[in-house]
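Visitor: I'd like a quick tour of this one, please. Could we take it question by question?

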Amino acid sequence: MKTVVIGDVHGRDTWNKIVDQNQDADRIIFVGDYVDSYDIDGQVQYDNLTRIIELKRQQPDKVILLIGNHDFQYWPGSRDVGTYSGYQPKMHTLFEPLYKANGNLFQICFDEGEVLYSHA
């Protein structure tokens with residue numbers, strides 16, 4: 001079984017190339033931190049996360065989306081838990097509803113046999 005693990009996207013779209021180059025993968029696991037870039041516009045990060053969510057919707061058994069700390073700070077109901085570097089208060093109003101609407105597609109960890117995947 002071929003598993004591709006993609007870490008800390010932080011708004012970048014390099015994951016597209018990785019996915020394209022690994023069409024034969026049985027599983028693609030994103031380990032979280034989809035947002036909070038210092039150098040990428042918030043709307044671009046939002047659009048990128050939307051494309052990742054769409055990939056999950058298209059391939060629900062192949063693509064695994066894990067939650068990272070930079071995602072959790074935008075998670076519905078977590079506004080008072082503190083923030084991490086790169087937090088974008090202006091983007092909270094976009095990121096939170098996106099996570100809320102698609103929360104069922106994300107998970108804390110993923111267990112595959114003897115391997116447990118998580119953000120940290």
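This is a predicted model: local features need pLDDT of at least 70, side-chain atom pairs count only at pLDDT 80 or more; totals for chains, interfaces and linings use all residues.

Visitor: Is Ser-37 buried or exposed, and what is its relative accessible area?

Guide: Buried means under 20% relative accessible area, exposed over 50%, and partly exposed in between (1.4 Å probe, protein chains only). Ser-37 touches His-10, Arg-12, Gln-45 and Gln-88, leaving aside residues up to four places away in sequence; contact here means heavy atoms within 4.5 Å. Ser-37 counts as buried, at 5%.

Visitor: What kind of aromatic pair do Tyr-34 and Phe-106 make?

Guide: Rings of Phe, Tyr and Trp (its six-membered ring) pair if their centres lie within 6.5 Å; planes under 30 degrees apart are stacked, over 60 edge-to-face, and the rest tilted. A search of the whole structure turns up eight aromatic pairs. In this one the ring centres of Tyr-34 and Phe-106 are 5.7 Å apart and the planes meet at 75°, so the pair is edge-to-face.

Visitor: How many residues apart are Tyr-34 and Phe-106?

Guide: Both residues are buried. Tyr-34 is in the loop between β2 (27-30) and α2 (42-58), while Phe-106 is in strand β4 (residues 106-107); helices (H or I, at least four residues) and strands (E, at least two) are DSSP runs, numbered from the N terminus. The pair links distant parts of the chain, and the separation is 72 residues.

Visitor: In what order do the strands of the open sheet run?

Guide: Two strands pair if DSSP finds at least two bridges between them. β1 (3-6) and β4 are the edge strands, each pairing on one side only. With parallel pairing, the four strands go β1-β2-β3-β4.

Visitor: Which residue is the bridge partner of Leu-65 in β4?

Guide: Strand β3 (residues 63-66) and β4 pair in the parallel sense over two bridges. One of them joins Leu-66 to Gln-107. For Leu-65, the partner is Phe-106.

Methods:
Residues are numbered from 1 along each chain as its sequence is written. Side-chain values use heavy atoms; hydrogens and water are left out.
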